[in-house]
Amino acid sequence: MLEDLTTAVPSSTSWPAAYPQGYAVVDVETTGLARDDRIISAAVYRLDARGEVEDHWYTMVNPERDPGPVWIHGLTSEALEGAPLFQDIAEEFTTRLEGRVLVAHNAVFDWQMIAREYARAKREAPVRQRLCTIALSKELGLPLPNHKLESLAAHYGVVQRRAHHALDDARVLAEAFRPSLRAAAAGGVRLPLLECRPLTEWSDRPAAPRIGQQAGSGGYGGYRPGSWRPSRKRPACPYPNPGRYEAGKRLKQGMRVAFSGDTSVERELLEDRATEAGLHVASSLSRLTSLLVTNDPDSGTSKAVKARQFGTPVVDEAAFGQLLADVEPASEA
């Protein structure tokens, strides 16, 4: 059985005091990867501080739209027709998540999908921290051929029964997370916990093209971290770049602003406000970037790393919101 393959459980005296008191291992299946896609099923395994299963829960969710790639998740329009809407299961979902660290494989995807559904329902997701099992595998130096869920499962001898079924994917992840957690505790490894900022504003936009698009989490073929967010063509900034932002001064029209990580206001709304203020919203960070907006400047995202390398000024979301209220007009030619 699985226990024979796991790291020995650290004693109560050696278990890291800083580790969380409980986890919610989550998997969601979705209609696609874009910002306007919807959750069609969700599963949660609640675990205690040592990774032992307390209970589990599963539900289908009516997305009120086409279910997307049925050949992947197997959920047809007919199967979902009588399923509850997200707002109908939000209370139960909250009960399952509240007070726990959200654990998922490629956790940013599951978190963003969940946060958006809560925002659509005019509620706030009760999650404050997440843990990605891909990141934990890297911290532990596991000898995996790739970062797919099936590879992590095979490493610990966990048998998958129904890949891309939310309940079975969550079960598999819970069983693989337990020995990973114990290995981390035994080795004194700091868990790669990241802050989650629930969305406070939301605005649906027209769907992006779906040619060749695949859906869901847990290692769908062709998925790349961050690829769920479609590119959106913005008008060119009409003002020249006046250079870098200087602390204590005003933003100036034409400055190049980049964003990284979770924000409490939906990212595209923040970008819209920046564009309307006359700023240039940059999709990447370079030596020409005037300012990076992030709530986690010490993260390992490519933008945060480059900002540290280039000495790019950094402010958090709250400070940026204040700066947006008084942007200096561009210099006249």
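Mentor: Let us begin with terms: two strands pair if DSSP finds at least two bridges between them, and helices (H or I, at least four residues) and strands (E, at least two) are DSSP runs numbered from the N terminus. This is a predicted model, in which local features need pLDDT of at least 70, side-chain atom pairs count only at pLDDT 80 or more, and totals for chains, interfaces and linings use all residues. Residues are numbered from 1 along each chain as its sequence is written, and side-chain values use heavy atoms, with hydrogens and water left out.

Trainee: Okay, what's the bridge partner of Ser 260 in strand 9?

Mentor: That partner is Thr 294, and four bridges join strand 7 (residues 256–260) to strand 9 (residues 291–294), the two running parallel.

Trainee: And what order do the strands of the open sheet have?

Mentor: The open sheet has four strands in the order 8-7-9-10, with parallel pairing; strand 8 (280–282) and strand 10 (314–315) are the edge strands, each pairing on one side only.

Trainee: Switching topic, where is Pro 63, and is Pro 63 buried or exposed?

Mentor: Pro 63 sits in the loop between strand 3 (53–60) and helix 1 (70–73), and it is buried, with a relative accessible area of 3%, where buried means under 20%, exposed over 50% and partly exposed in between (1.4 Å probe, protein chains only).

Trainee: Which residues does Pro 63 touch?

Mentor: Leaving aside residues up to four places away in sequence, Pro 63 touches Thr 31, Arg 38, Ile 39, Ile 40 and Leu 80, contact meaning heavy atoms within 4.5 Å.
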